[in-house]
Amino acid sequence: MKERWKALIEIFWTFFKISPVTFGGGFAMVPLIVREIVEKRKWLDSEEVADVFALSQSIPGSVAINSATFIGYRIGGVKGALAAMIGVSLPTFLIVLALGVSYLFIHDHPKLEAAFVSIRISIVAIIIYAAIKIAKTAIVDKTTFFITLAGVPVLFFVHPTTAILLGALTGVVVVFSKKKMGYKHKKSKDPAKNPDYFMGAGI
Amino acid sequence: MELWELFHTFFHMGFFSFGGGYAMMPFIEAAVTKYGWMSPEQLTNMIAIAGMSPGPIAANSAILIGYSTAGISGAILSAFAILLPSLILVLIAAAFFVKMHHNPLVEAMFYGLKPLVTSLIIFAAISFAEANHLVSLNGSFRSISLWIIFALSLFALLKLRWNPIYVIALSGLIGITLYS
């Protein structure tokens with residue numbers, strides 16, 4: 001019993017230490033995870049970790065949190081998964097909360113208000129930058145270009161959930177009907193080999 | 001009541017959270033408008049703080065919106081709500097050892113899903129630009145200077161490959177100099 005708690009605390013602490021490095025969602029965490037989990041603690045081998053990263057992207061949510069949870073499960077079952085998830089989320093939770101509390105405390109200050117007038121415009125630029133980055137991996141042919149183009153006006157009328165489901169459905173219909181008609185479907189690049197943008201990596 | 005709205009919003013969002021935080025902005029905006037949690041300007045400020053902090057932007061935004069709507073319990077509940085879908089799905093995938101990324105059906109879904117995620121982010125950019133009056137160019141000092149800051153931000157991100165966090169920090173300093 002004592003041994004188990006010790007193992008869980010070790011999982012928690014490992015991810016707790018890595019967590020504050022994960023700016024923007026998590027890809028910065030990969031080399032640290034490899035060093036801590038594979039080289040130092042030898043919990044998993046590098047092939048297993050590569051699998052975990054690939055799988056973590058096909059699951060909604062942040063790659064950092066998903067892969068931590070996944071690795072936690074492989075080491076210590078459901079409790080290990082929880083320990084890793086709490087470990088990786090707690091530091092950033094506290095930092096964000098501290099920033100949020102201080103923001104709400106002083107947001108009436110004229111200097112801070114002035115700063116945010118400019119920051120809000122930069123956020124628009126950052127969102128456009130995020131769109132360009134993901135477009136580079138998402139738009140691989142005419143069909144995907146058309147889906148992106150059609151998606152924007154559609155979003156003025158339907159809820160994002162519906163739009164996402166429609167997008168996935170379109171993908172399935174297109175890929176399988178292309179296959180039926182004998183077209184070769186271009187396989188997308190393996191994202192594990194293309195670290196520039198990971199689905200779910202934030203930016 | 002607010003707690004339930006927060007939980008329901010972020011739990012639901014957690015299942016569709018593909019493509020990083022900015023793809024989630026249309027979800028967040030829809031909920032914020034529906035429940036009247038805050039003004040569009042306040043929401044953009046929250047997103048800026050979420051982008052400045054370490055950790056995933058979607059979860060950070062959930063925590064900040066939860067906190068400003070319902071205090072500490074709102075923050076904890078929102079974080080829990082957005083993490084729960086990941087936990088459930090990771091456990092299912094791990095338990096059955098599903099190699100989803102090699103499954104042709106999943107690959108086909110992502111083929112259509114990724115371009116749509118791009119649309120979501122473009123849509124978010126359009127609505128944030130509108131909410132923050134970027135589209136209203138009226139020749140005043142403020143409007144012209146904001147356009148310049150916008151262009152400089154894009155240049156720093158795309159050409160100089162700056163980290164977004166530095167862009168936000170420098171932009172804040174420019175704002176203090178120009179508008180206070």
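Reader: Which domains is chain A divided into?
Author: Bear in mind that this is a predicted model. Chain A is split into domain 1, covering 2-106, and domain 2, covering 110-193.

Reader: And what separates the centres of those two domains of chain A?
Author: Going by C-alpha atoms, the centres of domain 1 and domain 2 of chain A are 27 Å apart.

Reader: OK, switching to the two chains together. How many residues does each put into the contact?
Author: Chain B brings 95 residues and chain A brings 94 residues.

Reader: What area gets buried between them?
Author: About 8500 Å² is buried between chain B and chain A, and carbon and sulfur atoms account for 81% of that. On the chain B side, Pro54(B), Tyr111(B) and Lys114(B) lose the most area to chain A, together 9% of what that side buries.

Reader: How many salt bridges are there across the interface?
Author: The count of salt bridges between chain B and chain A is 0. For polar contacts, though, there are 14 residue pairs between chain B and chain A, both partners being at pLDDT 80 or more.

Reader: Which helices of chain B supply residues to that side?
Author: Helices H1, H2, H3, H4, H5, H6 and H7 of chain B each give at least two residues to the side touching chain A. The largest share comes from H5(B), with 25 residues.

Conventions. Residues numbered from 1 in each chain as written. Chains lettered and ligands numbered in written order. Predicted model: local features only at pLDDT ≥ 70, side-chain atom pairs only at ≥ 80, totals over all residues. Heavy atoms only, no water. Contact = heavy atoms within 4.5 Å. Buried area = accessible area lost by both parts, 1.4 Å probe. Salt bridge = Lys/Arg side-chain N within 4 Å of Asp/Glu carboxyl O. Polar contact = N/O pair within 3.5 Å; in protein donor to acceptor, adjacent residues only side chain to side chain. Helix = DSSP H or I, 4+ residues; strand = E, 2+ residues; numbered from the N terminus. Domains from an automatic or database assignment.
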